[in-house]
Structure formats: C-alpha cells, structure tokens
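Q: I have just opened this one and would like to go through it slowly. Could you take me around it?

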Amino acid sequence: MRHAPVANRLQEWREKRRPRGVSKASLARRLGISRSYVTRLEQGKVAPCLELALRIAQYFGCAVEDVFYVQGDA
C-alpha cells in the first residue's frame, strides 16, 4: 500500500512569525536541527518524524495539523 506524501505549511507559519525574528536559522537552533533540514522541510523534500512535527507545532503554538497534512487532504 502506497501512502500519500506529507506536505506542510511551515514556510507560511515562518513568514507569519517573521516580525518576531523567526528565521530558518533561529527555528533550526530552537529545534536542534540544521538550517538545511529546515529548508528541505519547507520544500517538502523531507517529512519530519512525529517528535519533530510535535516540537515544530509547539514552537509555533498551534496543532500539528495546522502545519503538516497529507497531500490531497488540504
């Protein structure tokens, strides 16, 4: 059985928070991941593990579903 790819609204959330200083580098530092991994997440090239998805949602103060979704369900 083939699973639909996971997509995200990470870049959109980061842009909303930009006035508060949320850059790729600051997000990466806060989450303990590399800046290049944040870039790949935003581009949809990788999907985070559940723990990281939860930490990202917590960082932005929203539900995981507000950031990540299964393509075709948006």
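Q: Which residues touch the most other members in the largest nonpolar core?
A: First a caution: this is a predicted model, where local features need pLDDT of at least 70 and side-chain atom pairs count only at pLDDT 80 or more, while totals for chains, interfaces and linings use all residues. Residues are numbered from 1 along each chain as its sequence is written, and side-chain values use heavy atoms, with hydrogens and water left out. In the largest nonpolar core, which has 19 residues, those touching the most other members are Leu10, Leu27, Ile33, Leu41, Ile56, Phe60 and Val67. A nonpolar core here is a set of buried Ala, Val, Leu, Ile, Met, Phe, Trp, Tyr and Cys residues joined through side-chain atoms within 4.5 Å, and buried means under 20% relative accessible area, with exposed over 50% and partly exposed in between (1.4 Å probe, protein chains only).

Q: And which elements give two or more residues to this core?
A: Those are α1 (10-17), α2 (24-31), α3 (35-42) and α4 (50-60), and the largest share, five residues, comes from α4. Helices (H or I, at least four residues) and strands (E, at least two) are DSSP runs, numbered from the N terminus.

Q: What is Leu10 in contact with, leaving aside neighbours within four places in sequence?
A: Leu10 is in contact with Leu27, Val38, Leu41, Glu42, Ile56, Phe60 and Val67, where contact means heavy atoms within 4.5 Å.

Q: Changing topic, at what angle do α2 and α4 pack?
A: The angle is about 120 degrees, and the axes of α2 and α4 are 11 Å apart. Axes are lines fitted to C-alpha atoms, for helices over the stretch in contact, and angles run from 0 to 180 degrees between N-to-C directions. α2 and α4 are therefore oblique to each other, given that angles under 35 degrees count as roughly parallel, over 145 as roughly antiparallel, 65 to 115 as roughly perpendicular and the rest as oblique.

Q: Which residues make that contact?
A: From α2 there are Ser26, Leu27, Arg30 and Leu31, and from α4 there are Leu52, Arg55, Ile56, Tyr59 and Phe60.

Q: How do α2 and α3 compare, I mean at what angle do they cross?
A: They cross at roughly 110 degrees, with axes that come within 8 Å, and that makes α2 roughly perpendicular to α3. The contact is made by Lys24, Ala25, Leu27 and Ala28 of α2 together with Arg35, Val38, Thr39 and Glu42 of α3.

Q: Which are the buried residues of α2, and what covers them?
A: The buried residues of α2 are Lys24, Ser26, Leu27, Ala28 and Leu31, and what covers them includes α1, α3 and α4. Just after α2, Gly32 takes a positive phi of about 75 degrees.

Q: Last one: where is Gly44?
A: Gly44 is in the loop between α3 and α4, and Gly44 is partly exposed, with a relative accessible area of 44%.
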